[in-house]
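Let's walk through how to read a few features of this model, pockets and a sheet among them.

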Amino acid sequence: MKPGNHYTKSLLYFLALLSSLFANAVAGEAAYSPISLTANDLSIATGKPSLVLMSHGSTHIPVWSLSGGSVGQSVSGVIGSLPADCKAVKVEIVVTSTDPTTNPEFTDVYRVHLSQMVSDASFLDRNALGKTVQSPLPEGPFFSRTIVLESYYEVVPDAPLTVRIQREPGDPGDTFTRPMGLAVVKVTPVRAPAEPLVVQDVSGYNSWPMMQAIGDKLVCTYSRGSKHTVNEDARAVYSRASLDGGKTWGDEVTIANTPDYGEVTVGKGLDSTGAMLLWVRRVGKGWHHDLYRSTDGETFTLLATPKLEVQPMQITDVFEVEKVGLMALWFAGNYSEDPVHSWGYMTSGDDGATWTQTTVESGLLKKDWPTEPAAVYLGNGRLLGIARTEMGGQPQYQMVSTDYGKTWTRKRTNIADTKASTPSLILDRETGLLSNYYYERGRGILRRRVVDPDLVFDDPLKWPDSEAVGIGSPIAWDSGNANATLIGDTHFVSFYSGKDPDTKVLVSKLPAPEK
């Protein structure tokens, strides 16, 4: 890798960061400090990457040159042991380039492969293929980037951990065709998140919860049936309320149990008076969405069953938009490969009694279809929404509007540590910070990303790294569906977890992020 133009400021910045990194390598001997593998600690795993010196004047930094054109280049290293009381690890890489064309218009993509050699077990049992991570390049050559490739990989502390880093130039998101230098891999031991509180764990498939605060009262609604289906007659919708932040819950009440229909909670929110609204999807002889209203979280009355031109698969959370009234996003389709999918929004000027439906996009292929969206109103006509995708390995979508929802722009984010991960958004009005909660199915991790929405509104590839804030079942379809609310400076995030035929509804209690 040859040096490019000589940018003194960039070089000094690069050297300062490298100096800090090597200092961390020494400090890594202390528990919960990063353990660093330098380029000299790594070796070729696949392909033909090159160990080279990145040089400028009298400065020579060893790096692994990972091609921007040759697919399948990776390097690996081994960490012999980890602190006995750690539960997981976070993996970061430090990369840099001397190429003069380096600039933020390009992005590159990496992933980590992790495995452990545990006594009396195949090392294949402890193998994990990380999700791809896409990030913009820095302002110019000699700048370094620290990229989080994995924020929570559960480990057996006394077993060797193999870390393999691979660049993915074959990924459409890797648009920089020049080599990139891998200088350091950092592995940081991580403690387990706090145990979630139990909302409901009676026998049955308790699932798809919605969490809403009515003043200081926490209300959790959910659906229960016999398995992971939405249309069985046995599936009904229930509610429990808590006055002590989720420590204890009142008696279960039945919200909807219509004969010959399966009913599922799909969205919640508040009207202008502070009463709770709840969307319930009713599937049987027909397909309907019923809107219920409650002032106490214990007694619910049917408010509306809109007759809509496009029948949604789901209508999601309700939120208030200045000059508009109430709004909820929806999506429709059949999950096929045909171009029959759509999404849009609904508005109400009378607190949910009547609704007007608008389609934003239609005729979409499944790969372009934003599903189960959540949105917030940021003020001054600006809205920001996040949606899950139905194609494996694809990041979440971001949709934004600057005209109170009349028109929208949809782009992909860099949020890829997902699997059928339904987002839930909380905007903290005091700090202005936006939290995106989602559950990574198949690994059982409740994740959170926190951002100043101004940072990502026009650039959805700038979402900060995720953190693990809760742990549930790793069984892919028997856990998931995060839904969040807040009381004061505390966030409450519900999800379900278990193994068919019995799952339970849980809630993680988290302090609101500070600016």
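Q: How many nonpolar, polar and charged residues are in the lining of the second largest pocket?

A: Ala, Val, Leu, Ile, Met, Phe, Trp, Tyr, Cys and Pro count as nonpolar, Asp, Glu, Lys and Arg as charged, and the others, Gly among them, as polar. Here the lining has 14 nonpolar, nine polar and 11 charged residues. Keep in mind that this is a predicted model, where local features need pLDDT of at least 70, side-chain atom pairs count only at pLDDT 80 or more, and totals for chains, interfaces and linings use all residues. Residues are numbered from 1 along each chain as its sequence is written, and side-chain values use heavy atoms, with hydrogens and water left out.

Q: Which element gives the largest share of that lining?

A: Strands are DSSP runs (E, at least two residues), numbered from the N terminus. Strand E10 gives the largest share, eight residues.

Q: In what order do the four strands of the open sheet come?

A: Two strands pair if DSSP finds at least two bridges between them. The order is E26-E27-E28-E29, with antiparallel pairing. E26 (371-379) and E29 (409-412) are at the edges with a single partner strand each, so one side of each has no neighbour in the sheet.

Q: How many bridges join E28 to E29?

A: Four bridges join E28 (residues 397-401) to E29, and the two run antiparallel. Tyr397 sits opposite Arg412 in E29.

Q: What about the classes in the lining of the largest pocket?

A: That lining has 16 nonpolar, seven polar and nine charged residues.
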